[in-house]
Amino acid sequence: TAEAAAEEAAANASRAGATQELSNAAASGQHDKAARLALKLNHPHALLVAVKAMIANGAIGCAQLESLAATVKGVALLRFVCAIKAWNSNARFCDPAQRCLAALLRHRSLRELSGVKGVKDHVASLKAYTTRHFARAGRLVRGTYLLDVALAGMGVLLDDEEKSAPAPSAPPRRLLAEMARNWDSGRDDSVPMVGALGAPAKQAAALPALRTRGGDDEDDFDLGHFSEDDDDDGGGGGGG
């Protein structure tokens with residue numbers, strides 16, 4: 001009894017020392033060491049904190065995560081898989097779970113993973129939740145397409161080609177403004193018309209001047225200066 005109590009006290013002291021070492025590693029930014037100590041002590045939450053800190057640390061943290069997945073062995077490997085399964089069942093933690101699972105599958109063969117006792121019991125859960133996460137991600141991606149269409153319809157969103165296109169040239173001169181300038185200048189009775197694309201169009205014929213005949217009615221006008229070709233329809237009607 002005394003021997004068992006002494007062994008238990010030694011184990012508790014060792015555990016307390018490892019826990020303190022884990023806290024010091026996490027506080028000093030040694031996330032790789034903190035993750036290994038968390039696996040040793042079977043602290044899934046401390047392991048999650050260390051993994052999320054690695055992911056947030058950019059390329060250096062990702063390299064540490066790859067090293068962890070490649071070197072963890074035995075009971076620690078089983079605990080790692082169990083932690084991944086627990087995180088993967090929650091949408092809030094599916095990102096670190098999927099990153100750790102991908103790192104494991106990159107560095108460990110299926111034969112090696114299936115040889116670890118207890119890993120096969122977690123495969124079905126990992127597959128089911130992973131399929132669900134990817135289906136949700138696919139729906140979100142398709143939703144962004146609809147958002148792009150809506151923004152483009154409102155003129156808010158521009159394509160890369162539209163952003164890189166050169167600025168449009170100055171608009172062509174307006175027809176009415178050109179007519180007004182030519183009219184005020186008194187250069188000619190005809191108005192040079194400008195097409196919509198800026199190309200000069202065919203000039204319009206000068207308008208005939210109407211002169212009164214001096215009769216009793218103010219509405220009587222002298223139309224004799226019109227050519228017979230211009231009044232073919234009227235002349236034919238009068239002859240009839």
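What share of the 240 residues in the chain do buried residues make up? Buried residues account for 21% of them. With that in mind, here are some close-up views of this predicted model.

**View 1. The whole chain, for orientation.** Welcome to the fold: the chain has 11 helices and 2 strands. Followed along the sequence, the elements come in the pattern α-α-α-α-α-α-α-α-α-α-β-β-α. Take the contacts between residues at least 6 apart in sequence: 49% of these join residues at least 24 apart.

**View 2. The largest nonpolar core.** This core holds 35 residues, and those that touch the most other members are Leu 47, Phe 80, Ile 84 and Trp 87. At least two core residues come from each of helix H1 (2–27), helix H2 (31–41), helix H3 (44–56), helix H4 (58–71), helix H5 (74–88) and helix H6 (94–107). As background, nonpolar side chains in soluble globular proteins tend to be buried together.

**View 3. Around Trp 87.** Here we zoom in on one of the core residues that touch the most other members. Leaving out residues up to four places away in sequence, Trp 87 touches Pro 44, Leu 47, Leu 48 and Val 51, along with Phe 93, Cys 94, Ala 97 and Cys 100. Leu 47, in this list of partners, is also among the core residues with the most contacts to other members.

**View 4. Where H2 meets H5.** A pair of packed helices can be described by the angle between their axes and the distance between the axes. For H2 and H5, the axes are 9 Å apart and the packing angle is about 95°. Angles of 65 to 115 degrees count as roughly perpendicular, so H2 and H5 are roughly perpendicular to each other. On the H2 side, look for Leu 39, Lys 40 and Leu 41; they meet Ala 76, Arg 79 and Phe 80 in H5. By class, this contact has 4 nonpolar residues, no polar ones and 2 charged ones.

**View 5. Where H3 meets H6.** The axes of H3 and H6 cross at roughly 80° and come within 10 Å. H3 and H6 are therefore roughly perpendicular to each other. The contact of H3 with H6 is made up of 5 nonpolar, no polar and 2 charged residues.

View 6. His 31 sits in helix H2. Is His 31 buried or exposed? Its relative accessibility is 17%, so His 31 counts as buried. Apart from neighbours within four places in sequence, its contacts are Ala 26, Ala 50, Ala 53, Met 54 and Gln 64.

**View 7. Leu 126 and its partners.** Leu 126 belongs to helix H8 (residues 123–153). With a relative accessible area of 12%, Leu 126 is buried. Not counting residues up to four places away in sequence, Leu 126 touches Val 81, Ile 84, Lys 85, Asn 88 and Leu 101. Asn 88 is 38 residues from Leu 126 along the chain, yet their C-alpha atoms are separated by 6.9 Å.

**View 8. Two cysteines.** Cys 62 has a relative accessibility of 33% and counts as partly exposed. Cys 82 is partly exposed too, with a relative accessible area of 28%. How many disulfides are counted in this model? The count comes to 0, where a disulfide would need a pair of cysteine sulfur atoms within 2.5 Å.

Methods:
Residues numbered from 1 in each chain as written. Predicted model: local features only at pLDDT ≥ 70, side-chain atom pairs only at ≥ 80, totals over all residues. Heavy atoms only, no water. Core = buried A, V, L, I, M, F, W, Y, C linked by side-chain atoms within 4.5 Å. Buried < 20%, exposed > 50% of the residue type's maximum accessible area, 1.4 Å probe, protein only. Helix = DSSP H or I, 4+ residues; strand = E, 2+ residues; numbered from the N terminus. Contact = heavy atoms within 4.5 Å. Axes fitted to C-alpha atoms, helices over the stretch in contact; angles between N-to-C directions. Parallel < 35°, antiparallel > 145°, perpendicular 65-115°, else oblique. Nonpolar A, V, L, I, M, F, W, Y, C, P; charged D, E, K, R; others polar.
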